[in-house]
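Please look through the sequence and the model, then read the points below.

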Amino acid sequence: MLFRLIVGFLASLLAVAPAQARELKLTIDASAARAVLDALENPKLDMAQARQIASLPGNQGLIRKAISYGRKADEASFAAALRAAAQGDDKAAEPSNFNFGRVRPHIAQLRQVLADLENPATGLIDAAKRRIALYTPVGIDAAITGYFVVGGTSGGFAFGDPQFFLNLDFFPDAQLATTILQHELYHAIQGVAVAPPARRAGVTKCLKRIGAPANIDDLFGALAQEGTASAVGDVLSLPTGGTGPAADERKKVARSVGMVSRSVTLLELSTHALATKGVGFDDIYALGFYGDEILYALGYVMAKAIEREQGPQAVAALLIDPTGARFVERYRQLKDYGVSATTPALGAKTLAWAKRVAVCAPA
């Protein structure tokens, strides 16, 4: 069953901040997750049925994400992996890494998470919308679709368009899933809010004119996007002292934030590597934003510091800038910058290049 919340985002936005986005609509589609869970309990699943499930928009996102990792993936490989998992064959070769065998032991738990998220009485989705409204730029007019999925190797992802994907198997707890939903939904907001293509073309010309290193804007942009999304979907706002997936995720994030000095060092080294062409951007990105996600922690700390001192709308105002340089500039201009561990100073090369690149950022 399609779980739709093409709801009164208008009402919730107006209730929080009258000047906020007036036409933003959110649709949540859980059909892909539900179809895969049903299939995994059907050992008689045939390839025609599996391919039909692969064609669902949410599962198309899983295929697209696998391809982005350089894997060979399509509806046929999705269907083959799903059918093998439904038959309990976890030894079948699966180069696309849809990992449905990992999902199978948690089916009952994931059904409960879906039920909790879909239940209006829990208020989880409404609470998420209210929080997103605080950080949404004025004048946003968009319809955003979120897809609940299970399978694959990413917990949540977006592609820069007005949609996002949340893998519930990575977050088998309704409260945790809602927090990650806020993170991924904010990525969709970022995609809608960023400067239009014509203005981004001007940014590209400007970066070339000032001699900016290739991809320096991608580095700062990723820092800003992941940092602000992590601050909005704030895992550290989850209760302390608990157990289970939510507690585990909170401890992991707290550990990373507690070692934010390494993130500062990595950003400085990454900036230097791009400026000297010593390391390619793909390798830099993988180190900072995959695996331990070291640069997420720094982006989070920076975004929270901006919010503490200037409020959520100061964060929202930065979304138009695809270079991320104004995020760095806004952070270093805070009165508490460099004063405490919660507002650590950045490296000299990071600051110097951010200042130069900010000249090219859209106003």
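In which strand does Ile144 lie? Ile144 belongs to strand E2 (residues 143–149). The structure is a predicted model, in which local features need pLDDT of at least 70 and side-chain atom pairs count only at pLDDT 80 or more, while totals for chains, interfaces and linings use all residues. Residues are numbered from 1 along each chain as its sequence is written, and side-chain values use heavy atoms, with hydrogens and water left out. Helices (H or I, at least four residues) and strands (E, at least two) are DSSP runs, numbered from the N terminus.

**Strand E2**

- Ile144 is buried, with a relative accessible area of 2%; buried means under 20% relative accessible area, exposed over 50%, and partly exposed in between, with a 1.4 Å probe and protein chains only.
- From C-alpha to C-alpha, Ile144 and Gln163 are 5.3 Å apart in space, and they are 19 residues apart in sequence.

**Helices H11 and H13**

- The axes of helix H11 (residues 216–232) and helix H13 (residues 260–276) come within 10 Å and cross at roughly 160°. Axes are lines fitted to C-alpha atoms, for helices over the stretch in contact, and angles run from 0 to 180 degrees between N-to-C directions.
- H11 and H13 are therefore roughly antiparallel to each other. Angles under 35 degrees count as roughly parallel, over 145 as roughly antiparallel, 65 to 115 as roughly perpendicular and the rest as oblique.
- The crossing of H11 and H13 is right-handed. A crossing is right-handed if the near helix is turned clockwise from the far one by less than a right angle, and left-handed if anticlockwise.
- On the H11 side, Ile216, Leu219, Phe220 and Leu223 meet Leu267, Ser270, Thr271 and Leu274 of H13, where contact means heavy atoms within 4.5 Å.
- Sorted by class, the contact of H11 with H13 has six nonpolar, two polar and no charged residues. Ala, Val, Leu, Ile, Met, Phe, Trp, Tyr, Cys and Pro count as nonpolar, Asp, Glu, Lys and Arg as charged, and the others, Gly among them, as polar.

**Helices H13 and H18**

- The axes of H13 and helix H18 (residues 348–358) come within 8 Å and cross at roughly 60°.
- H13 and H18 are therefore oblique to each other, and their crossing is left-handed.
- Leu267, Glu268, Thr271, His272 and Ala275 of H13 meet Ala348, Lys349, Thr350 and Trp353 of H18.
- The contact of H13 with H18 has four nonpolar, three polar and two charged residues.

**Helices H11 and H15**

- The axes of H11 and H15 come within 7 Å and cross at roughly 65°.
- H11 and H15 are therefore roughly perpendicular to each other, and the crossing is right-handed.
- H11 contributes Leu219, Leu223, Glu226, Gly227, Thr228, Ser230 and Ala231 to the contact, while H15 contributes Leu295, Tyr296, Leu298, Gly299, Tyr300, Met302, Ala303 and Lys304.
- By class, the contact of H11 with H15 has nine nonpolar, four polar and two charged residues.

**Salt bridges**

- A search of the whole structure finds eleven salt bridges; a salt bridge is a side-chain nitrogen of Lys or Arg within 4 Å of a carboxyl oxygen of Asp or Glu.
- Arg34 forms a salt bridge with Glu118, and their closest N and O atoms are 2.8 Å apart. This pair links distant parts of the chain, with Arg34 in helix H2 (residues 31–40) and Glu118 in helix H7 (residues 107–118), 84 residues apart.
- Arg34 is buried at a relative accessible area of 17%, and Glu118 is buried at 18%.
- Asp38 forms a salt bridge with Arg111, the closest N and O atoms being 2.8 Å apart. Here too distant parts of the chain are linked, as Asp38 lies in helix H2 and Arg111 in helix H7, 73 residues apart.
- Asp38 is partly exposed at 41% relative accessibility, and Arg111 is partly exposed at 28%.
- A network of salt bridges links Asp38, Glu41 and Arg111.
- Glu307 forms a salt bridge with Lys304, with 3.6 Å between the closest N and O atoms. Because Glu307 and Lys304 are three residues apart in helix H15 (residues 294–310), about one helical turn separates them.
- Glu307 counts as buried at 17% relative accessibility, and Lys304 counts as buried at 18%.
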